[in-house]
Amino acid sequence: MLTLFLAALLARLLFFALLTIVNAGADTGFANGICRWDCGWYRSIVENGYDIEPGRGTNGAEANWAFFPLFPLLVRLVSSILPVGPVMAGAALSMFAYAATAPVLYAGYQKIIGPDNALFLAAAVAVTPFGLYGTVLYTEALFGLLLAIAVTAALDRRWIIAAAAAILLGATRVTGVFIVLPFAIIALRQFSWRQVLTDVAALKPVLAIAVAPLGAFVYMLFLYHHVGDALAFRSVQVAWERGSDSPLEVLSTGFGYPLASKEFYWAASALAGLLLTGILFWRNRFAEGAAYFVSILIPLSTGLFSLGRYLFTSYLPYLALAVLPAPLNGRMFRAGILALMLAGWYFFVMGWIEQARWVI
Amino acid sequence: MKRPSLLVSPLMIRVWAGLFLALLAAFYLYVLNLAANPQVGAAYRLFYFEQALSDWPGDTLSALPTTPLELRTDADPRIGAGFEAGGREEGLWTIANDAYLILPAPAPQDSDSYWLEVEVSRVFISAVHDTQPVTLFVNGHRLADWRLLTAEGVTLTVVIPARVIGEDGLAVIHLDLPNAHSPAQAGLGADGRPLALFIRSARLLARQPA
């Protein structure tokens, strides 16, 4: 486990080193070079807390309420302990969380999908180019770790740990509250309806499902007292012109763009995600499939923006690859996938440093 | 044999769990109730909830002028979302299916009714849509429906009951324009903006206009 953690951490450090080296040629300064887009929002929360009024963006209506509090809270804690600013503290925290995900997944899945498949899963998560977001001040790494802990603990009937991770998940990102869906599926595979109603042992998953949204609700309560709107995290999406739309309509709009456009890439990411969801269901990973489907559907219904990041930073798409049947689970095939992922590092590093908008 | 404590017997565990779940449900309902009843100012409501503004108004809503609104530039804070950007001499086109104006109620504010006049100097009609239906809402209340049949200018007049004006003294005029369409759609040029009405001015009066 320690070896896996260290190997995954090494991958993150290598990625961070690449970012730093490539960024050294830019004149934006080190901190600005590795702190782009959402990083600036998290940084604002760490440094100044949540906005009382909006006032950013071209329309003056953007505010940092859209960003859930757990990650910036932890970054503030780390930066108060270590002699580093929020950007470096956030990068360190992200790298640690991302590296910790690999052993959590291996330990959690080795008995379920076999040690070889679990090892491939951990390796894919460690080397995916989407690990870029686990190298900077972004919430993805923490969310991915908590999701892995919540689902693997629930699969292993350790419902108290699962419940604790779920509460934290809800305080990390809005989609965290939908952990109730995989929890319900896992619980119903462990206990029958009759047991849920009569067996004291079945109370644990019921309580875990019940407490899962707590983190999000506490943030809503805070927002109500801070800005007067408990749903300010959703309301503020208007400032980015994100509304509610039919996911199918959004998807078809994306495919209407040129092949090399960011919109086409985001739409293709969503389609790939749906395909991988299908694989999860086909391979009887219903809880994970449901979790992944919801995590695709929700952002897709608000627009195409950032879909690549939303869909490929958690472990769920890599689980779909890990449970593929023969001959798609051969060593050569898997080595090829991992090599492709490593090659992807180049595009993500360059995209980040050159501020290509598809990376957002 | 030691008997289990009554507090941790299976029955009591269920009772404790039930109490905990009830407490949790009460908390969720409390927060959901707060979410359903936000306590926000006019700027927040108009921008985020009603999407009647294209830019954050800041403090400008509390000091809007009651003088007639001449739509010569989009810089006037009384011109909301759904209007073209940039200045013109004679008015502005609506460029969406929904267009908004925010007009403060003039003094005296204790009158029973207000009168709204919207001066439309052109109506975009083409072979695609040969009429322009217009529905007018004030602060969410549907007050008038028109069907404009020609491209010629027209003055739309409506009586607004005082009860429709809220405590903030603002009248949010919402024009619902389902037949807005672009000149490009109609084969009349390259302009892809969905046009409906070219509005010259708007005014909210405390007394019936002469």
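A:I81 is exposed in this predicted model, and its relative accessible area is 63%. That value counts as exposed because the cut-off for the word is over 50%. You can find A:I81 in helix α4 of chain A, which covers residues 70–81.

A:T152 lies in helix α7 of chain A, which spans residues 140–155. With a relative accessible area of 4%, A:T152 is buried, because buried means under 20%. What is A:T152 in contact with, leaving aside its neighbours within four places in sequence? The answer is A:V104, A:G108, A:Y109 and A:R158. There is a polar detail to look for as well: a polar atom in the side chain of A:T152 lies 3.4 Å from the backbone oxygen of A:I149.

Next, look for a link between two cysteines. A disulfide is a covalent bond between the sulfur atoms of two cysteines. How many disulfides are there over all chains? The count comes to one, and this disulfide joins A:C35 to A:C39, with 2.0 Å from S to S. Are A:C35 and A:C39 buried or exposed? Both A:C35 and A:C39 are buried.

Charged side chains give us another kind of pairing to follow. Over all chains, the count comes to 17 salt bridges. One of them is in chain A, where A:R43 pairs with A:E47 and the closest N and O atoms are 3.5 Å apart. Where do A:R43 and A:E47 sit along their helix? They are four residues apart in helix α3 of chain A (residues 38–48), so about one helical turn separates them. Both partners are partly exposed: A:R43 has a relative accessibility of 24%, and A:E47 has a relative accessible area of 44%.

In chain B, a salt bridge can be seen between B:R45 and B:D168, with the closest N and O atoms 2.6 Å apart. This pair links distant parts of the chain, since B:R45 and B:D168 are 123 residues apart. B:R45 is in helix α2 (residues 42–49) of chain B, while B:D168 is in the loop between β7 (154–161) and β8 (170–176). B:R45 is partly exposed at 25% relative accessible area, and B:D168 is partly exposed at 37%.

Another salt bridge in chain B brings B:E90 and B:R122 together, and here the closest N and O atoms are 3.9 Å apart. B:E90 lies in the loop between β1 (69–70) and β2 (92–93) of chain B, and B:R122 is in strand β4 (residues 113–123), so the pair ties together parts that are 32 residues apart in sequence. B:E90 counts as partly exposed at 33% relative accessibility, and so does B:R122 at 37%.

Finally, salt bridges can join into a group. Return to chain A and pick out A:D38, A:E140, A:R173 and A:R309: these residues are linked in a network of salt bridges.

Technical notes. Residues numbered from 1 in each chain as written. Chains lettered and ligands numbered in written order. Predicted model: local features only at pLDDT ≥ 70, side-chain atom pairs only at ≥ 80, totals over all residues. Heavy atoms only, no water. Disulfide = S-S within 2.5 Å. Buried < 20%, exposed > 50% of the residue type's maximum accessible area, 1.4 Å probe, protein only. Helix = DSSP H or I, 4+ residues; strand = E, 2+ residues; numbered from the N terminus. Salt bridge = Lys/Arg side-chain N within 4 Å of Asp/Glu carboxyl O. Polar contact = N/O pair within 3.5 Å; in protein donor to acceptor, adjacent residues only side chain to side chain. Contact = heavy atoms within 4.5 Å.
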